[in-house]
Amino acid sequence: MTLAGLLLVVHVIGAAVLLGTGAGIAFFMLMAVQTRDARLIAHVSGTVVLADFLFTATAAVAQPVSGVLLALETGWPLSEGWILASLGLYVFIGLFWLPVVRIQIRLRDLAREASAAGTDLSERFWSLYRIWFACGFPAFFAILGIFWLMLNKPDIGF
């Protein structure tokens with residue numbers, strides 16, 4: 001396998017991990033929250049936080065590195081329009097993901113507190129959950145946009 005081939009495999013796997021982990025995290029968190037069971041939500045959100053650090057964060061670092069190395073290895077200029085658009089969307093996603101990670105940690109902690117106290121989830125939990133939920137949509141559609149750009153490599157002039 002060539003270096004370009006290896007970089008492509010790493011880049012595609014990283015993209016799949018970002019999309020798959022993001023969708024999986026969202027699905028399991030949504031399903032847990034629908035139960036309104038603080039104990040279950042505390043458990044699931046703990047797993048969500050762990051998965052975000054193990055998988056999403058690792059892939060989030062690997063993606064730009066593998067992408068830049070792949071572009072350089074294959075001769076694509078980093079000023080190529082579709083590459084710049086992809087990088088812009090990547091930064092856009094990061095602007096949503098970083099606060100979401102903090103929110104997930106806080107949701108986990110609030111659910112653990114409610115579970116330990118045997119109380120309902122607080123209004124603060126529900127307020128943060130609504131923000132977490134809303135942040136998922138632009139990030140999800142942006143990552144789909146990156147997939148489209150990577151697969152189609154349209155001629156975009158900047």
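Trainee: Where is the place of S45, and what makes a stretch count as a helix here?

Mentor: S45 has its place in helix α2, residues 38-74, and helices are DSSP runs of H or I with at least four residues, numbered from the N terminus. This is a predicted model, in which local features need pLDDT of at least 70 and side-chain atom pairs count only at pLDDT 80 or more, while totals for chains, interfaces and linings use all residues. Residues are numbered from 1 along each chain as its sequence is written, and side-chain values use heavy atoms, with hydrogens and water left out.

Trainee: Why is S45 called buried?

Mentor: The relative accessible area of S45 is 1%, and buried means under 20%, exposed over 50% and partly exposed in between, with a 1.4 Å probe and protein chains only, so S45 is buried.

Trainee: Which residues is S45 in contact with, leaving aside its neighbours within four places in sequence?

Mentor: They are M29, L107 and R108, where contact means heavy atoms within 4.5 Å. L107, with such neighbours again left aside, is in contact with M29, S45, F125, L128, Y129 and W132.

Trainee: What makes a set of residues a nonpolar core, and which residues have the most contacts inside the largest one?

Mentor: A nonpolar core is a set of buried Ala, Val, Leu, Ile, Met, Phe, Trp, Tyr and Cys residues joined through side-chain atoms within 4.5 Å. The largest has 23 residues, and those with the most contacts inside it are V33, I41, L107, L121, F125, Y129 and W132. Each of α1 (3-35), α2, α3 (81-117) and α4 (123-152) supplies at least two residues of this core. A second, separate core of 7 residues includes A139, A142, I143 and I146.

Trainee: How do you know how α1 and α4 are oriented to each other?

Mentor: Two packed helices are described by the angle between their axes and the distance between the axes. For α1 and α4 the angle is about 155°, and the axes are 11 Å apart; axes are lines fitted to C-alpha atoms, for helices over the stretch in contact, and angles run from 0 to 180 degrees between N-to-C directions. Angles under 35 degrees count as roughly parallel, over 145 as roughly antiparallel, 65 to 115 as roughly perpendicular and the rest as oblique, so α1 is roughly antiparallel to α4. Among the residues that meet are A26, M29 and V33 in α1 and F125, Y129 and W132 in α4.
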